[in-house]
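Visitor: Could you walk me through this model, one question at a time?

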Amino acid sequence: MKRGNIGVLPRTNSLADESYLEFVETFRVMNFVKMYPAFAGASDSEVLERKGKSDDSLSLKEIKEVIGPLPISKTWQRFMRTHQEMMWRRVRSSFVVTEKEHLEELKAAETKGPGKLIIDPNFVTPEQAKREIHLQPGGYADDEIGGIVFHYGTKTFYQGYNDQNEHHIEFVELAEPPQDGKVERILDVACSIGQCTTNFKKRFPDAEVWGLDVALPLLRYAHKCAVDEGIDVNYIQALGEDTKFEDNHFDMVFAYIMFHEVPVSVMRKTIVEMFRILRPGGTFTIFEFPNSSQGLPPSQRFLIDYDSRNNCEPYSPGFVKSDFLQIIKDAGFDTKPGKDSSNPFLQSIVATKPA
Ligand SMILES: C[S@@+](CC[C@H](N)C(=O)[O-])C[C@H]1O[C@@H](n2cnc3c(N)ncnc32)[C@H](O)[C@@H]1O
């Protein structure tokens, strides 16, 4: 039975599912908040003791040789994989019970406003976007109920601190408007289920706001949520690297944790495309995972490698090795550090198209 929503968050289809997933969420809190610092501390000191250094001159192989066999490392890796598998299995098996009804709701919302959903019937999903990122069954693009599954799955990922989009609201608040203050058109690139997109409209009610993503299941769900809330935002299925928008169209563009999830070639093209569609003086605010130019400790390099192999993050090692900031500058942007957020793990960059 459908059990409605709590605010913007859908409820699972049974109390038993909700309770089980609350356990998984707490398991994740234990893995990340309690166990990760202990794992990282033990790993970094062991590397320093055994190798006499802990900087970038160490190869990943050397780091893995030391950290891999540590008992805390083995336990932590098992817990990380297991909690992720438990979460997706239970989330999907819960929402699949009302799949038919949910798909009818998504279909009915397609023609409703206030905003539009633009689907390209000839769209071909690139191979790059078909991976089961974070182990989500079917990935972002190949499960018709992937939107609601992603929504509840990421509730667990955010450990209960984003149930009403609190993090997304914070990142939107930190996005930097152009210096001249003119904000008529905004694009949220790789918007997933639109948790930032709708909040851009709340922050800039007079602006035309667009969310763009490659994954139709996420966009259809995003559109339904916006319709339910009566928020006037538009969603479009397109590629970040080939948006089809006109030159100089947007005053602000925004990307929240997109770039570590695409190949470096797609990242480069997307940044060039963002430059093209921004008007002179327009701003591109980016929140993203860290990369190696920031000098990562061995434990974090181990974590990124772990994630790429065991949590289906195939592109993050390439992202980490890339000179992300230089790639943004090479596209023509002036860059400066963006504002700090409550997530110290993320880097923040404001890139401005010179006026
Ligand atoms: C981690 S999610 C981004 C999170 C999202 N910005 C939010 O507000 O929660 C990565 C997103 O990138 C999208 N994506 C992957 N490749 C893409 C591409 N080439 N063009 C546009 N979107 C892409 C995925 O479908 C997915 O929704």
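The questions below go from the whole chain to single residues.

Visitor: Before we start, what kind of model is this, and what pLDDT do local features need?
Guide: Happy to set that out: residues are numbered from 1 along each chain as its sequence is written. This is a predicted model, in which totals for chains, interfaces and linings use all residues, side-chain atom pairs count only at pLDDT 80 or more, and local features need pLDDT of at least 70.

Visitor: How many helices and strands does the protein chain have?
Guide: Helices (H or I, at least four residues) and strands (E, at least two) are DSSP runs, numbered from the N terminus. Counted that way, the secondary structure of the protein chain comes to 12 helices and 10 strands.

Visitor: What is the radius of gyration of the protein chain?
Guide: The radius is taken over C-alpha atoms, and the globule rule is 2.2 Å times the number of residues to the power 0.38. For 355 residues the rule gives 20 Å, and the chain comes close to that, so it is as compact as a globular protein of that length; its radius of gyration is 21 Å.

Visitor: What percentage of the 355 residues counts as buried?
Guide: A residue is buried if 20 or more other C-beta atoms lie within 10 Å of its own, exposed if 12 or fewer, and partly exposed in between, with C-beta atoms placed from the backbone. Of the 355 residues of the protein chain, the buried share is 41%.

Visitor: Which residues is Val253 in contact with, leaving aside its neighbours within four places in sequence?
Guide: Two residues are in contact if their C-beta atoms, placed from the backbone, lie within 7 Å. With those sequence neighbours left aside, the contacts of Val253 are Leu187, Val189, Met274, Leu278 and Phe284.

Visitor: Which residues come nearest to the ligand?
Guide: Here a residue is near a molecule or strand if its C-beta atom, placed from the backbone, lies within 6 Å of it. For the make-up of the shell, Ala, Val, Leu, Ile, Met, Phe, Trp, Tyr, Cys and Pro count as nonpolar, Asp, Glu, Lys and Arg as charged, and the others, Gly among them, as polar. The shell divides into 14 nonpolar, four polar and three charged residues. Of the 21 residues around the ligand, the nearest are Tyr140, Ala190, Ser192, Ala215 and Gly240.

Visitor: Is Ser192 buried or exposed?
Guide: Ser192 is found in the loop between strand S4 (185-189) and helix H7 (197-203). Although Ser192 is not a glycine, it has a positive phi of about 50 degrees. Because 24 C-beta neighbours lie inside 10 Å, Ser192 counts as buried.

Visitor: How far apart are the end C-alpha atoms of helix H10?
Guide: The expected span of a helix is 1.5 Å times one less than its number of residues. For the 13 residues of helix H10 (residues 298-310), that should be 18 Å, and the end C-alpha atoms agree: they are 18 Å apart.

Visitor: Which helices do the buried residues of H10 pack against?
Guide: In H10, the buried residues are Pro298, Ser299, Gln300, Arg301, Phe302, Leu303 and Ile304. Their packing partners are helix H1 (15-51), helix H2 (60-67) and helix H11 (316-321).

Visitor: Which residues does Asp307 touch, not counting those up to four places away in sequence?
Guide: Asp307 is found in helix H10. It is partly exposed, because 18 other C-beta atoms lie within 10 Å. Beyond the excluded sequence neighbours, Asp307 touches Glu313 and Ser316.

Visitor: What covers the buried residues of helix H3?
Guide: Helix H3 (residues 71-95) has 25 residues and reaches 37 Å from its first C-alpha to its last, close to the 36 Å expected. Its buried residues include Trp76, Met80, His83, Met87 and Val91. The cover over the buried residues of H3 includes H1, H2, helix H4 (99-110) and helix H5 (146-157).

Visitor: Where does Pro114 lie?
Guide: The peptide bond from Gly113 to Pro114 is cis, with omega near 15 degrees. As for its place, Pro114 lies in the loop between H4 and S3.
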